[in-house]
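Colleague: Could we go through this model together, term by term? I would like to hear what stands behind each label.

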Amino acid sequence: MIETRTYDAKDLKEERVKKDIRSTLLTGRLVVFPTETVYGIGAYALSSEGIANIYNVKGRPSDNPLIMHMKDAQAITPYVYIDQPYIKDLIDAFWPGPLTMVFRKKESVPTLITGGLSTVGVRIPSHPVAQDVLTIADVPICAPSANISGRPSATLFEHVMEDFNHRVDIIIDGGKSDVGLESTVLDVTGDVPVILRPGVITQAMLETIVPKVLRKDGVKANETPASPGMKYKHYAPRGELTIVEGDQSAVVRYINDKIKDHHDKHKKVGVITSDALIKQFNTTYVYNLGDASFDSSIASNLYIGLRMMDQFQVDYIYSVAFHGGSYQEAIMNRLYKAANHKIVKL
Ligand code: TXA
Ligand code: MG
């Protein structure tokens, strides 16, 4: 068992703390830090011990590659080939920020972090604490989302503590992650960039910079996934989650019927909804993601809602769908995965 040290943003100004963060990373140990999307569990990218620690502690399959985080766009040149002319425009428009670009990797990137692929994902986070950590470390840091594999990503310090207290050396408290969903992953190796994972940098936003952007859809059987992470069940709460889509009153009626059936069998039921509907459901365990017309609020609260269902220890969870707004694709992508594609369309 590890005695985890916790710091917050202002501690990072202290020399003692800077030293601790740097030596922890350089000796192949783990530091969890906040980013604007979700918390990341970080290791020095060129330390095989650090990388092995990430896979172990997360329980992550070793063929699911890690993304490298760097301080700024200049820092990426020793590691990746900038194959396409449009990349520079994307960098200018979206970095630092919630966009991961997948490049052809150079020799310097260990295959251990790429799951054997010839490409590597890179992100320049904008969160001031993430920037501080990258500046202090002064090396690239691999950081997958800070959750035990298969659990919802952590967007709060408390949720990181749930998963990683006593399992990593350092956890840095940066409060709530603003965006709340992981970065958009964009393959920039070809003539036309391809979205491998939707996020709050949307296809429409990318197409204001490059003329055409493609969207890679889910993985078909017997096909190698473009983004290996897509083949795993993800973001899942412990209760069985079903998404219910359709006309509002029909959705409320359907969920209440299900609640009654489950209650008859002495099961606990949770509901995830927006604030317009919170009073409509006949169960104690209702989680309100906020005003559905602010998709940024729904996005930033989604994982908190999923984890809340675990705290309620409900057996069944029903969530309304959140269509509308520019983040809807990213939100529904995570919800569908959390539900393992269990969707009822009314
Ligand atoms: O917002 C984020 O991206 C967060 C924060 C901490 O930066 N990180 C994150 O990392 O979500 P992770 O490892 O949980 O998700 C990275 C995704 C995975 O689905 C992985 O399969 C995919 O990116 N990926 C990584 N390298 C790739 C590559 N070379 N080619 C295709 N997909 C890749
Ligand atoms: Mg993840």
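Modeller: What follows is a set of questions about the labels, each answered from its definition.

Modeller: First the ground rules: this is a predicted model, in which local features need pLDDT of at least 70 and side-chain atom pairs count only at pLDDT 80 or more, while totals for chains, interfaces and linings use all residues. Residues are numbered from 1 along each chain as its sequence is written, chains are lettered from A and ligands numbered from 1 in the order in which they are written, and side-chain values use heavy atoms, with hydrogens and water left out.

Colleague: What makes β14 and β15 a pair?

Modeller: Two strands pair if DSSP finds at least two bridges between them. Strand β14 (residues 269-273) and β15 have 4 bridges in the parallel sense, so they meet that rule. One bridge joins Thr273 to Asn288 in β15. The names themselves come from DSSP runs, numbered from the N terminus: strands are E, at least two residues, and helices are H or I, at least four.

Colleague: Why are β15 and β17 called edge strands?

Modeller: The open sheet has 5 strands in the order β15-β14-β16-β13-β17, with parallel pairing. β15 (285-288) and β17 (343-345) each pair on one side only. From one strand to the next the twist averages 20 degrees; axes are lines fitted to C-alpha atoms, for helices over the stretch in contact, and angles run from 0 to 180 degrees between N-to-C directions.

Colleague: Which strands does helix α9 lie across?

Modeller: Helix α9 (residues 295-312) lies across β13 (240-245), β14, β15 and β16 (316-320), at about 165 degrees to β15. Helix α10 (residues 328-338) lies across β13, β16 and β17, at about 135 degrees to β13.

Colleague: How do you know where the domains are, and how many residues touch?

Modeller: The bounds come from an automatic or database domain assignment, which gives domain 1 (5-215) and domain 2 (240-345). Contact means heavy atoms within 4.5 Å, and 25 residues of domain 1 are in contact with 17 residues of domain 2. Buried area is the accessible area (1.4 Å probe) that two parts lose on being put together, summed over both; here that is about 1,700 Å², with carbon and sulfur atoms giving 53%. In domain 1, Pro152, Leu181 and Pro198 lose the most area to domain 2, together 31% of what that side buries.

Colleague: What makes Asp163 and Arg307 a salt bridge?

Modeller: The rule asks for a side-chain nitrogen of Lys or Arg within 4 Å of a carboxyl oxygen of Asp or Glu. Asp163 and Arg307 meet at 2.9 Å, N to O, so the pair qualifies. Between the two domains the count is 5 salt bridges. Lys18 and Glu15 also form one, at 3.9 Å; because they are 3 residues apart in helix α1 (residues 15-26), about one helical turn separates them.

Colleague: What makes Pro96 and Gln313 worth a look?

Modeller: Most residues other than glycine have a negative phi, and most peptide bonds are trans. A cis peptide bond joins Trp95 and Pro96, with omega about -5 degrees, and Pro96 sits in the loop between α3 (86-94) and β6 (99-105). Gln313 has a positive phi, near 55 degrees, in the loop between α9 and β16.
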